[in-house]
Amino acid sequence: MISGNSCPKGLVEDVNEMRVVKAKLEEVKREYPNVAEMVRKDAFRRVSAAAVTE
Amino acid sequence: MGLLQELGFDPRNIVFSSDTSEEQGRQFGKGRGTVDCCYPVKCMSGHYGELVFGQKQKLDLLLSPMIYTLPSFLSGHVAKTLTCPRVMAGPENIKAGFLKESDAFADAGITYLTPFVSLDEPLLVPKQLFEGMKGALPDLTREEMARAVAAGYKALTAFNEKLRKKGREVLEWCAREDRPCLMVVARPYHMDPGIGHEIEVDIQAYGYPILWMQYFPIDADLMDWAFGDDIKAGYIKSPFDINDVWQSSYSSNTNEILWGAKVAARIPWIACVIRLSSYECGMDQPTYTPVQQIVERSGTLFFSFQDLDSTKPAGSVKIRVETITHYLERYAASIIERKKAMAPPGCPLLPPGK
């Protein structure tokens, strides 16, 4: 048996646990930024209709 | 986007292929491969296929320029800022896979545009793009293209400045709190989740901010502090001179990788450098040893992930990430102290008086 060899999301058993794990991961990401995340978010992305009307 | 919007394209009608993925390659690029020895160029078949066959609304133009030189902050300080020849020729090369039995672009009603462009020579770009696009845009004038190119460069500069500002904020936070951060030394396509596999995100999850060499802050005060002594000693002519470590400075991304290693070695709070490289990258191979030596001789931790291809090696990445974070937990504080002791006084990242 292989134990403790899974990603944090793979260890959860229901959707609520997953939400907690996901929220913690997002919090860490906000606190400790990764410049590439900004690139992934902004570069080579289609402009939404909402952004055009703004 | 800046260029195309200025040319009059409605931004809602501009479509980018999605991030690279194995699925994209399987679904849209299968049987159309023309390249095997460069994973990022090989991926282009999937991107083209997605744009040709995978859109709900049919496209009428597919723009994939052959980029000869790249705009670089090292421009003027290095011999040249050329792209990798494989990347430059990629659009023509990959196109061949879509012309095998019939012209897949024409069959889908798409005009394929691949203008040759020297992005590091802004005065040439309007002429190059005009010549390359006038066939598809018959009403286009040279003046319109010149205005569009100016808008494109303006958007690019704003984007770069925003990210460099973020990089500076991260470094100032690290300096103020005496906390370590990591720097990724890689090519720009490693930010694509299907090529770099977001390896650095797994390390970020342990509570380490991540800088990328491409968007390192290049403010004059920081550059003077980091490289001033080397300039005074005559080793280099400017903060962006890499002649002391890399004399064949022709390839833009290779130059920036070498510069990234130099700057990471000098900044105390960069406790670790992560090197990423894709499968059989001939441009990267001669840089492995110099980059590692520059980083390690400053006492900075160095880890590399090489020969990355379509599969994310999740198990081995997890083990490597545990190793990296173990070393960081154990040694980051002493690395920062040692690098601070070697650094010149008056670091502009620190609050005044510290």
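User: Why is B:E280 called partly exposed?

Analyst: A residue is buried if 20 or more other C-beta atoms lie within 10 Å of its own, exposed if 12 or fewer, and partly exposed in between, with C-beta atoms placed from the backbone. B:E280 has 15 other C-beta atoms within 10 Å, so it is partly exposed. B:E280 sits in the loop between β7 (270-278) and α12 (288-296) of chain B, where helices (H or I, at least four residues) and strands (E, at least two) are DSSP runs, numbered from the N terminus. B:E280 also has a positive phi of about 55°, although it is not a glycine.

User: Before we go on, what kind of model is this, and how are its parts numbered?

Analyst: This is a predicted model, in which local features need pLDDT of at least 70, side-chain atom pairs count only at pLDDT 80 or more, and totals for chains, interfaces and linings use all residues. Residues are numbered from 1 along each chain as its sequence is written, while chains are lettered from A and ligands numbered from 1 in the order in which they are written.

User: How confident is the predictor about chain B?

Analyst: The mean pLDDT (the predictor's confidence in each residue, from 0 to 100) of chain B is 95, and 100% of its residues reach 70 or more. The model as a whole scores ipTM 0.87 and pTM 0.92.

User: What makes B:E198 buried?

Analyst: B:E198 has 20 other C-beta atoms within 10 Å, so it counts as buried. This residue lies in the loop between β5 (181-185) and α9 (199-204) of chain B. B:E198 has a positive phi of about 50° without being a glycine.

User: And is B:F159 buried or partly exposed?

Analyst: B:F159 is partly exposed, because it has 17 C-beta neighbours inside 10 Å. B:F159 belongs to helix α8 (residues 142-177) of chain B. In sequence B:F159 and B:Y215 are 56 residues apart, yet in space they are 9.9 Å apart, C-alpha to C-alpha.

User: What makes a group of residues a nonpolar core, and how many residues has the largest one?

Analyst: A nonpolar core is a set of buried Ala, Val, Leu, Ile, Met, Phe, Trp, Tyr and Cys residues joined through C-beta atoms within 7 Å. The largest has 78 residues, and B:V184, B:V185, B:A261, B:A264 and B:V273 have the most contacts inside it. Helix α11 (residues 252-266) of chain B gives the largest share of this core, seven residues. Leaving aside neighbours within four places in sequence, B:A264 is in contact (C-beta atoms, placed from the backbone, within 7 Å) with residues including B:M183, B:I270 and B:V295. A second, separate core of 14 residues includes B:Y68, B:L82, B:V117 and B:L119.

User: How do you know that chains A and B touch?

Analyst: By the contact rule, 17 residues of chain A are in contact with 22 residues of chain B. On the side of chain A that touches chain B, α2(A) gives the largest share, five residues. That side has twelve nonpolar, one polar and four charged residues. Here Ala, Val, Leu, Ile, Met, Phe, Trp, Tyr, Cys and Pro count as nonpolar, Asp, Glu, Lys and Arg as charged, and the others, Gly among them, as polar.

Key: Two residues are in contact if their C-beta atoms, placed from the backbone, lie within 7 Å.
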